[in-house]
Amino acid sequence: MPVEGGKARLLLAFSAWGPAGLYALAISALSHQSALRLPDASPDWLGHFVEFAGLGWLVARGIFKMDGRLTGPAMTGAALACLAFGAL
């Protein structure tokens, strides 16, 4: 039984953007912890780099799943969106 066009597009959107959304929620939950420490006294910037590199990868994955390609303007927009989320 084939899936209708609208339902297929909705399922595609959830599979493309769901992981990035859940990851962003996890980042928000971790950033609201008052005494969160990295193991082995790693620098704070390293933890932030790893967090947002993962988010950037998931956003790029979402773009690729939706469009089938990654363009410079799309990746610039994705990087700016991750930067804005990090500034919150």
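Helix H1, which covers residues 5-31, has 27 residues that should span 39 Å at 1.5 Å a residue, and the 39 Å between its end C-alpha atoms agrees with that expectation. The model described here is a predicted one.

**Helix H1**
- Along its course H1 bends by about 40° at Trp17, and a proline, Pro19, follows within four residues of that position.
- The buried residues of H1 are Ala16, Ala20, Ala24 and Ile27.
- In an α-helix there are 3.6 residues a turn, so residues three or four places apart point the same way.
- The cover over the buried residues of H1 includes H2 as well as helix H3, which covers residues 72-87.

**Glu51 in helix H2**
- Glu51 is found in helix H2, and because its relative accessibility is 19%, where buried means under 20%, Glu51 counts as buried.
- Leaving aside residues up to four places away in sequence, Glu51 touches Tyr23, Ile27 and Leu30; one of these, Ile27, is also among the buried residues of H1.

**A nonpolar surface patch**
- Trp45, Leu46, Phe49 and Val50 form a nonpolar patch on the surface, and together they have about 460 Å² of accessible area.

Methods
Residues numbered from 1 in each chain as written. Predicted model: local features only at pLDDT ≥ 70, side-chain atom pairs only at ≥ 80, totals over all residues. Heavy atoms only, no water. Patch = residues over 30% accessible without salt bridge, like charges linked within 9 Å, V, L, I, M, F, W, Y side chains within 5 Å. Areas by Shrake-Rupley, 256 points an atom, 1.4 Å probe, with all protein chains shown as cover. Salt bridge = Lys/Arg side-chain N within 4 Å of Asp/Glu carboxyl O. Helix = DSSP H or I, 4+ residues; strand = E, 2+ residues; numbered from the N terminus. Expected span 1.5 Å × (residues − 1). Bend = angle between axes of the 7 residues up to and from the residue. Buried < 20%, exposed > 50% of the residue type's maximum accessible area, 1.4 Å probe, protein only. Contact = heavy atoms within 4.5 Å.
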